Amino acid sequence: SIVNGVMTPIFQVLQDANKTVSMAGGVPTNIICQSFWDSFASIGIIGSIIAIVLIAKSKRYKEMKKIAGVPYIFNVGEPTLFGIPLMMNVIYFIPFILSNVASIVISYIAFALNLVPVCTGLAQVPWTTPLIISGYLTTGSIAGSILQIVCLVAVVLIWLPFVRVADHQLVKEEAELELQYQTKEADKEVE
């Protein structure tokens, strides 16, 4: 992302401060840090492929879920981002923005209310670490994994109605193309 060049050093300094406090036996206080960003703030777009897996009926989306499902286990979203495409898609603009905001707000509130321990900074978990595992490793608590599941359910619920609309449009387009193809084939047979 464009902002990573600026934000990553800041997130890493905050993470390092949490690590220093944790190693000294204290309780880390920086909610926002690299682990927060990688493991909790970026859950939003994952909801798109899960919504597609759950409700898609169009041929295009059925093929997309075969391609994009496995990479998303490791937080690799480019197949969906550019294959559907989510980028520059009017239907998906609202959930594209809202889902990430929802995962950030839900996570921040959970950390601020001490429902989940703040990321310790002791584990430098790569961003490709699957959900649930990364939540546990970054917080040192099963509560981190549970928070990721809560965020995931919330973002899937945000994506579902938009995926339903887009999928319905694709089903119509595919039916029209099939009809055009059958008409062409029938015309060839007549000749």
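Isoleucine 32 is in contact (heavy atoms within 4.5 Å) with Phe11, Leu14 and Tyr108, leaving aside its neighbours within four places in sequence. Isoleucine 32 sits in the loop between α1 (4-23) and α2. Its C-alpha atom is 6.9 Å from that of phenylalanine 11, although the two are 21 residues apart along the chain. At 31% relative accessibility, isoleucine 32 counts as partly exposed. Buried means under 20% relative accessible area, exposed means over 50%, and partly exposed is in between, with a 1.4 Å probe and protein chains only.

The model is predicted: local features need pLDDT of at least 70, side-chain atom pairs count only at pLDDT 80 or more, and totals for chains, interfaces and linings use all residues. Residues are numbered from 1 along each chain as its sequence is written, and side-chain values use heavy atoms, with hydrogens and water left out.

Now to helix α8. Helices are DSSP runs of H or I with at least four residues, numbered from the N terminus. Glutamine 148 lies in α8. At 1% relative accessibility, glutamine 148 counts as buried. Not counting residues up to four places away in sequence, glutamine 148 touches Ser39, Phe40, Ile43, Leu131, Ile132, Ile133, Ser134 and Gly135.

Axes are lines fitted to C-alpha atoms over the stretch in contact, and angles run from 0 to 180 degrees between N-to-C directions.

| Helix pair | Angle between axes | Distance between axes |
|---|---|---|
| α3 and α8 | about 60 degrees | 7 Å |
| α4 and α8 | roughly 120 degrees | within 8 Å |
| α6 and α8 | roughly 155 degrees | within 9 Å |

Angles under 35 degrees count as roughly parallel, over 145 as roughly antiparallel, 65 to 115 as roughly perpendicular, and the rest as oblique. So α3 and α8 are oblique to each other. The helices α4 and α8 are oblique too. By contrast, α6 and α8 are roughly antiparallel.

Take α3 and α8 in detail. Their crossing is right-handed, meaning that the near helix is turned clockwise from the far one by less than a right angle. From α3, the contact includes Ile46, Gly47 and Ser48. From α8, it includes Trp159, Val163 and Asp167. The residues of this contact divide into twelve nonpolar, two polar and two charged. Here Ala, Val, Leu, Ile, Met, Phe, Trp, Tyr, Cys and Pro count as nonpolar, Asp, Glu, Lys and Arg as charged, and the others, Gly among them, as polar.

Next comes α6, which passes α8 in a right-handed crossing. Among the residues in contact are Phe96 and Phe111 of α6, and Cys151 and Phe162 of α8. By class, this contact has 16 nonpolar, three polar and no charged residues.

Which residues of α4 meet α8? They are Lys59, Arg60 and Tyr61. On the α8 side are Val163, Ala166, Asp167, Leu170, Glu174 and Glu178. By class, this contact has four nonpolar, no polar and five charged residues.

Last, the core. A nonpolar core is a set of buried Ala, Val, Leu, Ile, Met, Phe, Trp, Tyr and Cys residues joined through side-chain atoms within 4.5 Å. The largest one has 38 residues. Tyr61, Leu86, Tyr92, Phe111 and Val163 have the most contacts inside it. Helices α2 (34-41), α3, α4 (59-73), α6 (93-112) and α8 each give two or more residues to this core. Helix α8 gives the most, with ten residues. Leaving aside its neighbours within four places in sequence, valine 163 is in contact with Ser48, Ala51, Ile52, Ile55, Tyr61 and Tyr92.
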